[in-house]
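User: I am new to this structure and would like a brisk tour. Please take my questions one at a time.

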Amino acid sequence: FSYFYTIHRQARTTAKRMFGARILRAGMVGATGGAALYYSVATRRSAPLQPQAPSEKPTLLDLPIVRLIAPRAAQCEGGDNTLLYGLAAAVAAGGLAYVKFGQGSGEFDYASTPMVEPSSVENFPDFNIAQKAQAQGDLRTAFDHYKKAAEAGCVLAMTAVGAFYEDENLTFIQKDTEQAFKWFTKAAKHGEVDAMVRLGMMHDMGVPPAEIDAVKANKLFAVAADRGDPDAMFYLAWGYYKGEGGLEKDPAKGRELLLAAQARGHQRAQAVLQDLDATAAQ
């Protein structure tokens, strides 16, 4: 029942974050229904979620398991409106089953996103205000304006907001890795390379809500490295040196990436190369 418990927990957390603690009970009902769907598909105890025709895809709301939990969700505190919250949690959990077993990996193709140009901030005055405030050490004002810019669609501001939420040393906001993950994901899906690296690190270390996934981390690092990010080159190099995270062991490729990172001023890459050369000379 590990699938059941894990997906139930994830969907319950999602429901609580999205709709508040008052409807957590309804979210749990919906999450249980969605988790049951995931579990049944994972063990192949129900028909696999496959398109009925090449151009058609099944709708989760039409699946029997989702319909079954609807009356229970409606009986929870809050009346008919609570039904929507329960269904939302069920679809969130059940969607994992659909993605994993119905349509392949379902992973977002970060490589297909266009690169974010520095000029993209020109239409967001709040971003410029935030940068000036940050340069002057006024981090609270910087955060407030970065968030306004991010909510207005400024991709670079999204990464900045995520970085603030990731910082445990700030006094005006609490560290919130769920918020950091949310903003890094948004920015990465718009092609922002720093967000890709930060998101990759969360997956590499298993920082909640990200699960430990070295393969996903290396995929993010690879896209960012291709776009010239030295941190991504550095982290990806280790994957090649160790042959981990879906990468074949290739020290030559690892060294190539470290050299590329060093050429871009990456001090840790330079230090590692010096250590490797010193070891080889012994």
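User: Which residues touch the most other members of the largest nonpolar core?

Analyst: This is a predicted model. Its largest nonpolar core has 55 residues. The ones that touch the most other members are F127, Y146, F221 and L258.

User: What does Y146 touch, leaving out residues up to four places away in sequence?

Analyst: Y146 is among the core residues that touch the most other members. With residues up to four places away in sequence set aside, its partners include A157, A160, V161 and F164.

User: How many helices and how many strands does the protein chain have?

Analyst: From the N terminus on, the elements run α-α-α-α-α-α-α-α-α-α-α-α-α. The count is 13 helices and zero strands.

User: What percentage of the residues in the protein chain is buried?

Analyst: Buried here means under 20% relative accessible area. The protein chain has 282 residues. The buried part is 39%.

User: What share of the contacts with a separation of 6 or more joins residues 24 or more positions apart?

Analyst: Take the contacts in the protein chain with a separation of 6 or more. Residues 24 or more positions apart account for a share of 56%.

User: Are α11 and α12 roughly parallel or roughly antiparallel to each other?

Analyst: Helix α12 covers residues 251-263. The axes of α11 and α12 lie 8 Å apart, and the packing angle is about 165 degrees. Angles over 145 degrees count as roughly antiparallel. The two helices are therefore roughly antiparallel.

User: How do the residues of the contact of α11 with α12 divide into nonpolar, polar and charged?

Analyst: On the α11 side, the contact includes P230, M233, F234 and L236. On the α12 side, it includes K253, R255, L257 and L258. The residues divide into 12 nonpolar, one polar and two charged.

User: How many charged residues are in the contact of α10 with α11?

Analyst: N218, F221, A222, A224 and A225 in α10 meet A232, M233, Y235, L236 and G239 in α11. These divide into eight nonpolar and two polar. The charged count is none: no charged residues.

User: Is the crossing of α8 and α9 left-handed or right-handed?

Analyst: Helix α8 spans residues 177-188, and helix α9 spans residues 193-205. Their axes come within 8 Å and cross at roughly 135 degrees. That makes α8 oblique to α9. The crossing is left-handed.

User: Is A188 buried or exposed?

Analyst: A188 is found in helix α8. Its relative accessible area is 0%. The cut-off for buried is under 20%, so A188 is buried.

User: Which residues does A188 touch, not counting those up to four places away in sequence?

Analyst: A188 and Y110 are 78 residues apart in sequence. Their C-alpha atoms are 7.1 Å apart. A188 touches Y110, T113, A195, M196 and L199.

User: Which residues is H145 in contact with, leaving aside neighbours within four places in sequence?

Analyst: H145 lies in helix α6, residues 139-151. H145 is buried, with a relative accessible area of 17%. Beyond its neighbours in sequence, H145 is in contact with D126, I129 and A130.

User: Which residues does the cis peptide bond join?

Analyst: P209 lies in the loop between α9 and α10. The bond has an omega of about 10 degrees. It joins P208 and P209.

Conventions
Residues are numbered from 1 along each chain as its sequence is written. This is a predicted model: local features need pLDDT of at least 70, side-chain atom pairs count only at pLDDT 80 or more; totals for chains, interfaces and linings use all residues. Side-chain values use heavy atoms; hydrogens and water are left out. A nonpolar core is a set of buried Ala, Val, Leu, Ile, Met, Phe, Trp, Tyr and Cys residues joined through side-chain atoms within 4.5 Å. Buried means under 20% relative accessible area, exposed over 50%, partly exposed in between (1.4 Å probe, protein chains only). Contact means heavy atoms within 4.5 Å. Axes are lines fitted to C-alpha atoms, for helices over the stretch in contact, and angles run from 0 to 180 degrees between N-to-C directions. Helices (H or I, at least four residues) and strands (E, at least two) are DSSP runs, numbered from the N terminus. Angles under 35 degrees count as roughly parallel, over 145 as roughly antiparallel, 65 to 115 as roughly perpendicular and the rest as oblique. Ala, Val, Leu, Ile, Met, Phe, Trp, Tyr, Cys and Pro count as nonpolar, Asp, Glu, Lys and Arg as charged, and the others, Gly among them, as polar. A crossing is left-handed if the near helix is turned anticlockwise from the far one by less than a right angle, and right-handed if clockwise.
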